[in-house]
Amino acid sequence: MQYLEGRKYVVQAIFLTVALVFAARLFYIQVLDGSYKLAADRNTLQRIVQTPYRGLIYDRKGQILVQNTPVYDLMVVPREVKQLDTARFCQLLQLPVEEVRASLKAARAFSRVKASPLVQNLSTPELAAIQDNLIDFPGFSVKARMARSYNTHSMAHALGYVGAITPAFLEKPKFAKYQPGEFLGITGLESYYEDQLMGRRGVQYRMVNVRGIEKGAFRGGEFDTLSVAGQDLHLSLDSELQDYAEKLMAGKRGSVVALDPKTGEILVFVSAPSFDPATLSGKGMGNRYMELLRNPEQPLFNRPLMATYPPGSTFKLVNELVALQMGVVSPQTGFPCNWKLVRCTHRHEYPSNVGIAIKNSCNPYFYQVMRTAVMRGRSTNRFEDARLGLAEWRRQVMKFGLGEKLGVDMGQEKKGLIPSSDFYDKRNGYHHWNFRTVYSLAIGQGEIGITGLQMANIMATIANRGWYITPHFVKGIGQGGPLPQFQQKHTVGIDPIHFDEIIPGMQGVVDGRGGTGGNASLLDVGISVAGKTGTVQNPHGDDHATFAAFAPAEEPKIAIVVFIENAGFGGSSAAPLASLVMEKYLRGKVAPWRHRWEEWLPGPAERFVRHH
Amino acid sequence: MSTSPARYSRSIDWVTVLIYLLMVGVGWLNVYAASYSPDAPANPLSSLGFQELMAFNWFKQILWIGTAVVLIVVLLVIDSKAYDTFAFVLYGGMILLLIVTPFIARPIAGSRSWLELGPVRLQPAEFAKFITALAVSRYMAGINLRQQNFRDQLVLAGLTLLPPLLIIAANETGQALVFGAFLLAYFREGMSPLILLILAAAGAILILALLVPKLWLVGAFTLILAIAFGFNSKLWRHHLPLSLSVWAVVIGMVFGVDFFFNNVLQAHQRKRIEILINPSADPLGVGWNVTQSKIAIGSGGFAGKGFLQGTQTKFDFVPEQSTDFIFCTVGEEWGWAGTMVTIILFMTLLGRIIYVAERQKSVFGRTYGYCVASIIFFHFCVNIGMTIGLAPVVGIPLPFFSYGGSSLWSFTTLLFILLAIDAYRKQDLERY
């Protein structure tokens, strides 16, 4: 039998082969293939995100505007529901039986052992009504969550709203950290300051067993982080003043923007028609949003930032300043009110200096100012001369923050339009246009678009005699100040001396005899207002009314622009509205004899239009 | 016992005992890890009562190990000639027990194979392994397998197949398959290698038939045959009927796989094989065990997560973690290093058993030794194979590692009867 002994090697070889196969296979799945480690973490690690307390929003005077209030979701763990008395349960919740059954079915489909929401967004009173009885229904529990609530009925456009993140947002890299179902600022300040308001999420890694039941912290909580509450925002908006301005703008379309010229802080920001910010919060928010969206008055449209209009006569001030800086005119320069060049607003005295021109808003005067500034004989070809001149003019004008986004702390802002030479080359053809083509720009009409905010910023710049700070809503974040970009001055390249005649001219508009903005005068309470009216030609209907001003003229504390669509001449509607807001801001109250305007101004804008 | 205990002790193969103790020790550590609960008191042995401790597998395993030591002493004290002498008696008794068991056992997990004696549950099928090994070794000693005595071969086949058939009747297919391992021992004793080859080829064809489109398989096989025919047509013409019938059988097998698969196998067995072929199908259903077991082992990495640090095993992702899937705990907590140590321990034990078997003078001792090696090897193959997705899920334990009294006692008995026979042989040598 000796020859059979060799077979022990065969047997041993079989053993060894299997052992080697196992060793190789184990080396592959344990050492080489990393996917099993990931699968193991997916099995056992549960990432619990703690949503931090969202920052609050205060107004200029420290009054709280936006806060968090708890809302409650009624949760259900289907497996723990025992012999549900459906009739009593539905009576308690005041919901139809079918709806409860459908929700329960959906919850069961999601998970039998994990909690899912049955009814969402219950308010505290709604919760109180059912809470005591909930003990009779095992498997149901209440989960608290924070939702935005508002202490104001105004400022909807500035504040913006908070909503659940949409799938489109989730795909953007900026929102990579967000989970489906989380809430974030969708528009307005809630969106712009999302990072600050949001705070930092806390993350806890928990280990769960095969049934999803928690088994304690992962590695003793080594990787856990605590959530950090969001920072509060302190707005420069004055809640009381804002309410007042919104009330005055009731029934109209248009905007009011007021700035503190020294700081660039936005004091009033009205986009009319407006809505209550609470509309876009809480139960039924989706339906209410759709209603706003379908409203033909477009209340969701953020007019001060998004609506660009030709600025009208108020733009004459910019043109004059640019021409003065170029040195092509002096304050004492006079031009005839030549109606052949362009029709003037009305018959008036001879504009022998800029003050008289501004007071009367003389169209031919400013036609000639701009022509002097543009047509400087750089080329013997008058087409080329217009091209070069317009380019130079545009460079100067854009320094006022026009034709570009100002950079306010809110998305949605539009650039507006300051036309370039290329613009006309493309539209009319190279050397097919001259000054006669673009003269409308001289009086703020034609191919020019400016937002309400930009117009207000021009007023602040004039009030400051040549500089501005980018307008902003937030003057303090948490314990700190505003964002750094809202702390630096921008100069517009106009020497302060050139304002010496412009500002008195603007005072003349309001306080002078026969000035177009006489309705805005606050001289009776000892405040001199420097302003400029404007009437913007509107090819689609009645003209738009504007009034831009700052006060007090000597030591400006507020710069304001009122823009009312289809209200005709700026002096009759926009000017008194602006004066009410300025007086209220500067004195804290309105003189008794002007109270009648508070009753008279609100309402449709059309009634200010004198139809000929 | 005619010799002094000291002399007897010297004749015991202590190397095997040492490997055995190492495996049982390492096995217990893993059973402890698998049944460890972080909620339990820090020092359970002093703070918990006996009844409460009995709720823990690791504690019960201590009792099983303790009784196994008693068992070892008894096995070594019994005159080892008794194993030879009473082999057939034991076999007869065991067959009776296997027949009776399904009638008196309560059904547990779909099979009536567990006998309950007070608090202890025993599975007769576990003990059928060593008793059958004794019986076939005893029978082998009286015949010569090489001489191709058909009657002897038939009796041997009968002895080997009767217990597994009874076990299948009790619905414990996994335990029955173990008896296939005896073929290795018979091979060592002179069984034609053709039988092993044919079985291996049949297995390969069955697996290929499940993996590869059938027509390809038939085509490839026919092509190989035709080419061989062309090379040496004379030889093939001599054996034409044989080669044609082999061809027919193979074709029959290829197409018979479906029939076997759908009609012979039970639903759960069919699924276990489907999972082996396509593990990602139905990962939450039938594939769960295999998927989770691979995740547990695979997540161990090179050095493992550390003792008691396994998450997959601890949080019940792996089912049967202290019994059939104990290897998952080894893999997860000790990593590749740990699984290698386990495999090396098994290889050392198997090598040592073959060494011991080969030094036996008697055919009985040698055959029994090979039976022991083959049975342990089969468990090793199938148990580890199933945890890493190389074998279908068959519910058999990993020797010396898995929790459970029946299995520990049965493997201990299996091994220590061999050591007793070996010790007796040495004493014989010393006597002369």
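This is a predicted model: local features need pLDDT of at least 70, side-chain atom pairs count only at pLDDT 80 or more; totals for chains, interfaces and linings use all residues.
A:Val525 is found in the loop between H20 and E18 of chain A; helices (H or I, at least four residues) and strands (E, at least two) are DSSP runs, numbered from the N terminus. Is this residue buried or exposed, or something in between? A:Val525 counts as partly exposed because it has 14 C-beta neighbours inside 10 Å. The cut-offs are as follows: a residue is buried if 20 or more other C-beta atoms lie within 10 Å of its own, exposed if 12 or fewer, and partly exposed in between, with C-beta atoms placed from the backbone.

Residues are numbered from 1 along each chain as its sequence is written, and chains are lettered from A and ligands numbered from 1 in the order in which they are written.

Which residues does A:Val525 touch, leaving aside those up to four places away in sequence? They are A:Glu583, A:Arg587 and A:Ala591, where contact requires C-beta atoms, placed from the backbone, to lie within 7 Å. For A:Ala591, 66 residues from A:Val525 along the chain, the separation of the C-alpha atoms is 7.6 Å.

I turn to the helix on one side of that loop. H20(A) comprises residues 499–511, 13 residues in total. From first C-alpha to last, H20(A) reaches 18 Å, close to the 18 Å expected at 1.5 Å a residue; the expected span is 1.5 Å times one less than the number of residues. H20(A) is mostly covered, with 11 of its 13 residues buried; among them are A:Phe499, A:Ile502, A:Met506 and A:Asp511. The cover includes helices H13 (316–326), H14 (354–360) and H19 (452–463), together with strands E18 (530–536) and E19 (544–551), of chain A.

Next, the sheet. H20(A) lies across E18 and E19 of chain A and runs at about 70° to E18(A); axes are lines fitted to C-alpha atoms, for helices over the stretch in contact, and angles run from 0 to 180 degrees between N-to-C directions. E18(A) and E19(A) belong to an open sheet of five strands, in the order E12-E11-E20-E19-E18 (chain A), with antiparallel pairing; two strands pair if DSSP finds at least two bridges between them. E12 and E18 of chain A are the edge strands, each pairing on one side only. From one strand to the next, the twist averages 5°. H19(A) packs on this sheet, touching E11, E19 and E20 of chain A, and its direction makes about 150° with that of E20(A).

Within the sheet, E19(A) pairs with E20(A), residues 558–564, in the antiparallel sense over seven bridges, and A:Thr546 stands opposite A:Phe563. Seven bridges also join E11(A), residues 254–260, to E12(A). These two strands form a hairpin with four residues between them, and A:Gly264 in the turn has a positive phi of about 80°. A:Asp260 has A:Glu265 as its bridge partner. E12(A), residues 265–272, is mostly covered, eight of its eight residues being buried.

Finally, the interface with chain B. How many residues of chain A are in contact with chain B? The count is 28, against 33 residues of chain B. Helices H1 (7–32) and H2 (35–44) and strand E8 (202–208) of chain A each supply at least two residues of this side, and H1(A) gives the largest share, 15 residues. By type, the side of chain A divides into 17 nonpolar, five polar and six charged residues. Here Ala, Val, Leu, Ile, Met, Phe, Trp, Tyr, Cys and Pro count as nonpolar, Asp, Glu, Lys and Arg as charged, and the others, Gly among them, as polar.

H1(A) has 26 residues and reaches 36 Å, close to the 38 Å expected. The buried residues of H1(A) include A:Val11, A:Phe15 and A:Ala19, and their cover includes H2 of chain A and helices H11 (182–188), H17 (288–298), H18 (326–358) and H19 (363–387) of chain B. An unreviewed UniProt entry annotates residues 9–28 of chain A as "transmembrane region"; such annotations may be inferred rather than shown by experiment. That span is 100% helix, and its end C-alpha atoms lie 28 Å apart.

Conventions:
Two residues are in contact if their C-beta atoms, placed from the backbone, lie within 7 Å.
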